[in-house]
Amino acid sequence: MVGSDDFNSLPTPSPPPAEQKDPPMQWGVTKPLSNAGPTDVDIQRTKDLEKFLVDSGLYESAEETAKREEVLDRLKKVVKDWVKELTRLRGYTDQMVEDANAVIFTFGSYRLGVHGPGADIDTLCVGPSYVNREEDFFYVLHNILDEMEEVTELQPVPDAHVPVMKFKFDGISIDLLYASISLLVVPDDLDISNISVLYDIDEPTVRSLNGCRVADQILKLVPDVENFRTTLRCLKFWAKRRGVYSNVTGFLGGVNWALLVARLCQFYPKANPSMLVSRFFIIYTLWRWPNAVTLCEIEDNELGFSVWNPKKNPWDRNHLMPIITPSYPCMNSSYNVSASTLRVMMEQFQVGKRICEDIELNKVQWSALFEPYLFFESYKNYLQVDIIAADVDDLRAWRGWVESRLRQLTLMIERDTSGKLQCHPCPHDYVDSSNQCSHCAFFMGLQRKQGEVIQEGQQFDIRQTVDEFRHQINSYMYWKPGMDIYVSHVRRKQIPSYVFPEGYRRTRHARPASQVDKASCEGSVERVSKRKKGVDVPDLEVSEKKRQSISPQKESIGALTETTKAEVVSRLTGIVDRDKEFNDGVIAPNHRKHTAENSDNGCCNLSSGHAYSGNNEKGSSPGGTCSNEASPPQLLHNTHKEELEPNADLAMVLKSGDGEKNLMRHVIEI
């Protein structure tokens, strides 16, 4: 019989050896913020999100996928035949002609696997050293494509930061870049991620190669590719719905969103898409810009290409929202972001954060996150940039040029007003389908900086700013007769009806909670309280006149018929006829005079140079200066009615062909 003491004397069994685990892999330049995986609730919420994305039409059909692959195969054959023909014409041996080759790579949303129906395919053609971009690509290949029936809307953009040829191949939109590398024969299995492809090439070629190299690196640096893809697809859709998806206008484009999401996946390597989406808004509302977002260490190389480094490069210190590409040479992919567009994006991140909190509390469904941003109900004042051309093809090229320069207008307004007047560019254009001429319009929301103290008599004169912008636009290298631009200031209620989805303005209701932030609410309360106390608080208002701005006419109007000119004028000034409040004429700030009852303290002139002279109004004060008499603060000056109605006045100026007098006349006041 064994006693209790005997139990105590038995040897204590040793614990099982601890399981040897590999240390967790570090994704990115820091350790993960959390290695927590999804709960059952997160899994169900992700299923709901994926269903919503499918129901929203974000995935293309199998038929369209097959057609894309077919188009890419045909394009590969076209570029191979092009290189072989150039090799033969340049007198190379038969063996060289047989071995001559060009390879097509994809990048962007297609390469990342997040493209949707109708999306374009970003492609790169890599050719041998003796086939150049300037003549062989933009001339010889361009002509080959131009003669193909299945190729339409062919538009070369050789002077872009990354030279590109845009076209549709059998209905599929293609953006085609070209890179000539230092090889006589390009192998079919070329490893574009290998740094050797960068030997002996110029900067534009490096930029052309960078898209493919970045896409490959992103897919290598995320813990779970499928979770990354679903999250990125979701957030790109959100950005488009909320009006913050556009690299060219100063927001973020596809590669920028991909890099932000990839970094998020590194922070939460085991999170599923629903977790990642909510954490996206948490992380990037707290992010201390301009601290850079990087997926890996920024490495320099003996090849000598410029690498993003604010310690060495003074120009890199000016970047407001640096998002760095992961492949050498590392670049800031978001250098287009301005103070105004950063402000807009941060506001939208805050809105997304609040909605995701409500989703996690089961207060709202996923659809609430994707409510469209009501751009034309968010500001009281807008700039409208109308552009016209002689035909659809010219408009396509002209539109691309103007759109690429709109960011400069935002930057110049920030510069010339010390950041006190903020711009919110709408990231896409609008077309009046009832207009027979080739026309489209861009819009910018305007507001003064929140919290800015407005002094009595303060003025913001941006006439020279707009004049400088127009000068840049009119320096277009490929300008043709008929290409023209009109910049005008419109009040919210004067926005043309064709910008609204239903084709008409909806009755205004209370703004959705998702579009009212705490700051704006507090500001409204503060203004009301001050008015009750008799304090005059400046507000952004527009005068009851719309003044048209006209660029120098060169030969453009002469290229159009008189009937077409009248129609263009009628369309572009039709806003004036739709509201009696705007039936006042075009005013020349330097040649018109304002009565005391129609003047304001503090004005922001929006004009562009010499003014179209007209008769002075009776009873006006000299010099067109602002009166000191008290009146309701407005953004635009009220002015007296012209002897000519707006359409007739503008039509006469257009028909005159006097380029020195076809100018913008606006006064914006704060």
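This is a predicted model: local features need pLDDT of at least 70, side-chain atom pairs count only at pLDDT 80 or more; totals for chains, interfaces and linings use all residues.
**Aromatic pairs and one buried asparagine**

Let me begin with N313, which, once its neighbours within four places in sequence are set aside, is in contact with S306, V307 and W308, contact meaning heavy atoms within 4.5 Å. Residues are numbered from 1 along each chain as its sequence is written, and side-chain values use heavy atoms, with hydrogens and water left out.

N313 is found in the loop between α10 (273-286) and α11 (339-360), where helices (H or I, at least four residues) and strands (E, at least two) are DSSP runs numbered from the N terminus. Is N313 buried or exposed? It has 11% relative accessibility and therefore counts as buried, since buried means under 20% relative accessible area, exposed over 50%, and partly exposed in between, with a 1.4 Å probe and protein chains only. The side chain of N313 also makes a polar contact, at 2.9 Å, with the side chain of D316; a polar contact is a pair of N or O atoms within 3.5 Å, where within protein one must be able to donate a hydrogen and the other to accept it, and residues adjacent in sequence count only if both atoms are side-chain atoms.

Now to the rings. A search of the whole structure finds 34 aromatic pairs, and one of them is W238 with W257, which is edge-to-face at 6.2 Å centre to centre and 80° between the planes. Here the rings of Phe, Tyr and Trp (its six-membered ring) pair if their centres lie within 6.5 Å, and planes under 30 degrees apart count as stacked, over 60 as edge-to-face and the rest as tilted. This pair links distant parts of the chain, with W238 in helix α8 (residues 225-241) and W257 in helix α9 (residues 254-267), 19 residues apart. W238 counts as buried at 2% relative accessibility, and W257 counts as buried at 0%.

Ring pairs also link W238 and W257 into a cluster whose members include F267, F280 and W287. The charged end of R263 sits over the ring of F267, 4.0 Å from its centre, and R233 lies over the face of Y59, at 4.1 Å from the ring centre; a charge sits over a ring if NZ of Lys or CZ of Arg is within 6 Å of the ring centre and within 35 degrees of the ring normal.
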